[in-house]
Amino acid sequence: MNEEVLRLPYLKPKRQSPGCCRVGGRAATPHSTVDAGRSSSSPARTSSFPPAPSSSSSSFVARPPAGRPDPSPRRAGRGGGRRALLRWPRRSRPARSDAQRGRAARGPPPPRRTMKLRSKAAALLLLALAALLLALLSLRAGRADPGPGAFPGAGPRARRRRPPRPRPRAGRRGAASLEKLARRPGELRSFQAVLPPELWIHLAVVACGNRLEETLVMLKSAVLFSHRKIQFHIFTEDSLKPEFEKQLRQWPDSYTKKFEHQIYPITFSVGNPQEWKKLFKPCAAQRLFLPVILKDVDSLLYVDTDVLFLRPVDDIWKLLRQFNATQLAAMAPEHEIPKIGWYSRFARHPFYGSAGVNSGVMLMNLTRIRSAQFKNSMIPTGLAWEDMLYPLYQKYKNAITWGDQDLLNIIFYFNPECLYVFPCQWNYRPDHCMYGSNCKEAEREGVSVLHGNRGVYHDEKQPTFKALYEAIRDFPFQDNLFQSMYYPLQLKFLETVHTLCGRIPQVFLKQIEKTMKRAYEKHVIIHVGPNQMH
């Protein structure tokens, strides 16, 4: 076989790249070949290289660069001849870096097509998970009894109703468990849900004299924002009873179904009724006898007639869950700074804590009050609530100034473990801002319950309190809360910035704004429905 191997002199090529050479006037790559076996009829190609030296002269055999396989002779090309392979000189290999050595150890990266397939599979998996999550959320939010054609194959056989489960008795479960049982799965928690009487909120008020309008505005504020059904216990004089019935019946049906009411006469079970009635203010001492009169009520929220709710009553009712084993009532401090409080400066009788407590908003567990034995300063043993009231009054009647509130301070002075003290935001009075803002909880979260004592709803001493009272009093039930109450209230507050309480309008507006937003959202969800909202 005639096979020629082209031998080149060991010369450095000039102006040539290290990976090519000139063969026959053309650039040759390391795998380029020269046709050596052409037919004799074809003219011989002239080469620009010098003639091959003899075997005795110094020469070298060109080899392929490092890292490439040694090419083997291939079959003849189209011309029928055989090709002689170029053998390139061996060159020094540059040193590899640590990163290159690491890649070499890990092996070659996967092909691009494999990586694309993997990314597509991951994207499809994420989309499937998102679709499943959305389906579960929509099923949970808008679960309802499907119609006969709601699903494929749904019919009378597919719609089998499970028999109703027997509900446990109220005494064996707490209020939260009963509330969950009263709602169907997926049903929105709202005032329209039918709740058993054990879950109703019980609200008591005592109204005598000219307190009719104040009491109706207080009841209106409770109904406007609350979700759970409320039972009103109204203690009033016989002359005011027909007017209460008339005014409450005039409220719209959408609000009257949120509450039940019962009107009681003014009664005092022990002592001289006339003496009790004249204590401090007309009928104010009636609150001391509520555990005795409302024997079928487990827990009760008592408020004065000059109280306004700026958030749902449900929220303060939840504080009952925070009572420990010995606590049976909850009140707010009379003042946040003892040095300027009334009790710490002027009281001539014992009082609770360092500043006393205010009884304008009082949350009570009546069952515990009726069964407890209270320590006192009259006898060494404990006394029941009803047996303690009149002897206590007889002992301190010449030393008390604020009537029934002073008696409550004396009781909890001797029984401090029975009282739960809630923050001042639940009983916010002019004292908290007229001497400078001193209710940190209200500054942080806003006023929850406004107590307009000192007659501030009816004079110009504290126009901020008066503006809130008039906004709720004049609000039409069926109007939009923001348009008819909140925005006019903001304009009225601009006129009160010259007063100490008017300088902090955000304290009064923060909580009521949150309450109105929640009420608006619940109204939209209930009346429009989650499946009809876009």
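Which residues do ring pairs link into a cluster? The cluster consists of Phe232, Trp251, Tyr255, Phe259 and Phe477. The model is predicted: local features need pLDDT of at least 70, side-chain atom pairs count only at pLDDT 80 or more, and totals for chains, interfaces and linings use all residues. Residues are numbered from 1 along each chain as its sequence is written, and side-chain values use heavy atoms, with hydrogens and water left out.

Aromatic contacts are taken up next. A pair of aromatic rings is described by the distance of the centres and the angle of the planes. Rings of Phe, Tyr and Trp (its six-membered ring) pair if their centres lie within 6.5 Å; planes under 30 degrees apart count as stacked, over 60 as edge-to-face and the rest as tilted. By this rule, 25 aromatic pairs are counted. Trp276 and Tyr393 form a tilted pair, with 5.0 Å from centre to centre and 35° between the planes. Trp276 belongs to helix α7 (residues 273-277) and Tyr393 to helix α12 (residues 385-396), so the pair ties together parts that are 117 residues apart in sequence. Helices (H or I, at least four residues) and strands (E, at least two) are DSSP runs, numbered from the N terminus. Trp276 and Tyr393 are buried. Buried means under 20% relative accessible area, exposed over 50%, and partly exposed in between (1.4 Å probe, protein chains only).

For Phe482 and Tyr486, the ring centres are 5.7 Å apart and the planes stand at 75°, so this pair is edge-to-face. Both residues lie in helix α16 (residues 481-493), four residues apart, about one turn of the helix. Phe482 and Tyr486 are both buried. Phe477, a member of the ring cluster, also has Lys220 over its face, at 4.9 Å from the ring centre. Such a placement requires NZ of Lys or CZ of Arg within 6 Å of the ring centre and within 35 degrees of the ring normal.

Helix α4 (residues 212-225) has 14 residues and should span 20 Å at 1.5 Å a residue; its end C-alpha atoms are 21 Å apart, which agrees. The expected span is 1.5 Å times one less than the number of residues. Helix α4 is mostly covered, with 13 of its 14 residues buried.

The structure holds 15 salt bridges, each a side-chain nitrogen of Lys or Arg within 4 Å of a carboxyl oxygen of Asp or Glu. In one of them, Lys229 and Glu260 have their closest N and O atoms 3.3 Å apart. This pair links distant parts of the chain: Lys229 is in the loop between α4 and β6 (230-236), and Glu260 is in strand β7 (residues 259-264), 31 residues apart. Glu260 is partly exposed, at 36% relative accessibility. Asp315 and Arg311 form another bridge, with the closest N and O atoms 2.9 Å apart. Both Asp315 and Arg311 are buried.

Asp474 bridges to Arg473, again with a closest N and O separation of 2.9 Å. Asp474 is partly exposed at 48% relative accessible area, and Arg473 is partly exposed at 33%. Glu213, Arg473 and Asp474 are linked in a network of salt bridges.

Backbone and packing details follow. Arg454 has a positive phi of about 65° although it is not a glycine. Arg454 sits in the loop between β13 (449-451) and α15 (463-473). Thr515, in helix α17 (residues 505-528), is buried at 2% relative accessibility.
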